Amino acid sequence: MSEDPELEIITVECIRTPPEHITPDKVPAKVEERAMDPTVKEVLSKTMLDGVETVWDRLEKQQPHCKFCEAGLSCQRCAMGPCRIMGEGKSRGVCGAGADLIVSRNLLDQIATGAASHSDHGREVAETLLLTARGKAPGYGIADEGKLRSLAKEYGLDAEGPVEKVAERLAMAMLDEYGTMKGELSMAKRLPAGTYSMLKEAGMLPRSIDREIVEAMHRVHMGVGADYRNILTHGVRASLGDGWGGSMIGTEASDVLFGTPQVRNSKVNLGVLKHDQVNISLHGHNPVLSEMVVRAASLPEMKRRSEEVGAKGINLVGLCCTGNELLMRKGIPQAGNHLSQELVITTGALEVMIVDYQCIFPSLPNTAACYHTKVITTSPKAKIPGGYYLEVNPENAFEQAKRMVAIAVDNFKNRSPERVVIPNHPVDAVVGFSVEALRAALGGTLKPLLDLILEGKIRGAVGIVGCNNPKIKHDYGHITLAKELIRRNILVVETGCAAIACAEAGLMVPEAADLAGKSLGNVCRSLGIPPVLHMGSCVDNTRILTLAAELANLAGVRMDQLPVAGAAPEWYSPKAVAIGCYFVGSGISVSLGVMPKISGSPNVIQLLTDDIQGAVKAKFWVEPDPKKAAAILFDHIETKRADLGL
Ligand code: BF8
């Protein structure tokens, strides 16, 4: 039980893997099959020997997956079903829906879920900005006044006068975007003119963020639309509302509140945990929570308190995208990405895991129950049985964060040193390549970057983004693809779990220039940058959009004409589906390493991998082998170069 008397908890059990599933002799081979990072392998091996269940075990226990669900051919939308499309006289559901409709509606549902998740995150940041401006969010402040005023101008607001007034106006304008009656989103004006008019013509320009998501939910109801093309056209529009709306607000408002990332050094992998300190991991997505924990943990009284329990301080480590936010802005070390979340606990060295929402395994309290770790949940949207619940909002966040840090300190005495394994080789990473940081490093304009691309010293750029998926050896897709691309003189920019994978593989230090092709390597050496640039969290995919839009504007072309592409080699999340769609909708073709659940409809496949080019001049590829994906992306970039006469 907690020593905090107000905290109640539902007790959950530690889930152990049945011994017949993983016996000690099978561990080394299983570890090799599952992971490639040495620190992950070390802790995964310990976890399996401890008999503690992980995501990989659960995936094995789920085999074989239902082949109808895998193909997108099962429908659970109404009480006349559930239905499956099985062919041979069973090619329609009870309502009469065929394969194309069922597959496209299921995909639209995924897009809407992803767009809603990121956009709702953005809304919470904008709400925090509003409360900060009104003096109702103790602990928060305006960290980047310059960016605040320039965003206010971009929104067509009065950018002069007291900072709080400008922040209030901007926050209100951002919140208005969610249901605006203006007919379009303010930041869609960042799109190059040619791309903007192409989207307008295709009926894909979002009218407001929430409207497109609500309409998507309307459209997946039985009996609304039956034309798969029309359904997926709306999917692209809803995703663009996330990319140029909700997620972009998340990024920009976070920069205003917490600072625009600048280039800095940090360390990554499970080796960032410490034997002699109170370890707290920050997991989830929204910096609105994690920034307050950073502030609380740095209070001298907390350090004193930790010394009273025999620790030498408090060690904060990041996980997943809230970790990426802290890594970029504060240099807080990052313990890992999506598939490392259980392993941070199973090191036996973690006192508290603080979470908000998204990408958090619901079974984490079960994992924690095998050790002394306490999981603290904080969002009314994301309560987890077995987790302690300390509700956080902008008004109370700082006070609640202090309480969480105190719980962690008190829990230090419950750690069993004999059960602890912390790998001792954290890896260096240079992070923080926001568009602003890049522009500053290049002398105040992105023109030198464009020139390097036009001259061919950099052949083009690929954004590698998205998750881990236990169906793919942990991090293999990200690392292999990045290495193959930089070898071909293609600059790689990354966010999310992809970025952490490559940081852990040592690709985010200037010395990694030696792994790049000759001309990219020379560019990196002359600028002192890595060939793989860390651009942030998953909402920060909008930094990649902004970068591409600025380059296209400088070159006077549409975004689809640039020699660039996107890739999500290990995606799992509906957020990644929305991201893929807003990249393609913006004119950036995307390679997926995991097949979406669309194989049941050859027509939907044809639409997404070819026909969609008629509307947005970009498309998807699905290529599980990252080496083959690199070859496809290289050819694509060379074709774009040739089309531009380069
Ligand atoms: O939002 S990259 S696994 S942590 S969904 Fe999740 Fe995917 Fe990681 Fe970040 Ni994005």
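Visitor: What percentage of the 646 residues in this protein is buried?
Guide: This is a predicted model, where local features need pLDDT of at least 70, side-chain atom pairs count only at pLDDT 80 or more, and totals for chains, interfaces and linings use all residues. Residues are numbered from 1 along each chain as its sequence is written, and side-chain values use heavy atoms, leaving out hydrogens and water. "Buried" means under 20% relative accessible area, "exposed" means over 50%, and "partly exposed" is in between (1.4 Å probe, protein chains only). With that cut-off, the buried part of the 646 residues comes to 62%.

Visitor: What is the radius of gyration of the protein?
Guide: First, the parts: the protein has 26 helices and 16 strands, which are DSSP runs (helices H or I of at least four residues, strands E of at least two) numbered from the N terminus. The radius of gyration is taken over C-alpha atoms, and the globule rule is 2.2 Å times the number of residues to the power 0.38. For 646 residues that rule gives 26 Å, and the protein's value is close to it, so the protein is as compact as a globular protein of that length. The radius of gyration itself is 24 Å.

Visitor: How much of the contacts between residues at least 6 apart joins residues at least 24 apart?
Guide: A contact here means heavy atoms within 4.5 Å. Take the contacts between residues at least 6 apart in sequence; the share that joins residues at least 24 apart is 75%.

Visitor: Which residue is the salt-bridge partner of Arg123?
Guide: A salt bridge is a side-chain nitrogen of Lys or Arg within 4 Å of a carboxyl oxygen of Asp or Glu, and the whole structure has 49 of them. In this one, the closest N and O atoms are 3.1 Å apart. It links distant parts of the chain, 87 residues apart: Arg123 sits in helix H5 (residues 99–133) and its partner in helix H9. That partner, which counts as partly exposed at 24% relative accessibility, is Asp210.

Visitor: Which helix holds the salt-bridge partner of Glu215?
Guide: Glu215 pairs with Arg237, and their closest N and O atoms are 3.7 Å apart. Glu215 lies in helix H9, so the pair ties together parts that are 22 residues apart in sequence. Both ends are tucked away: Glu215 is buried at 18% relative accessible area, and Arg237 is buried at 13%. The helix that holds Arg237 is H10.

Visitor: Which residue in E9 is the bridge partner of Thr377?
Guide: In a regular strand the side chains alternate between the two faces of the sheet. Strand E8 (residues 374–377) has Lys374 and Ile376 pointing one way and Val375 and Thr377 the other, and all are buried. Two strands pair if DSSP finds at least two bridges between them; E8 pairs in the parallel sense with strand E7 (residues 352–355) over four bridges, and with strand E9 (residues 388–389) over two. The partner of Thr377 in E9 is Tyr389.

Visitor: How far is the C-alpha atom of Gln561 from that of Pro365?
Guide: Gln561 is in the loop between helix H22 (541–555) and strand E14 (564–568), and counts as partly exposed at 26% relative accessibility. Not counting residues up to four places away in sequence, Gln561 touches Lys640 and Leu644. Along the chain, Gln561 and Pro365 are 196 residues apart, and their C-alpha atoms are separated by 48 Å.
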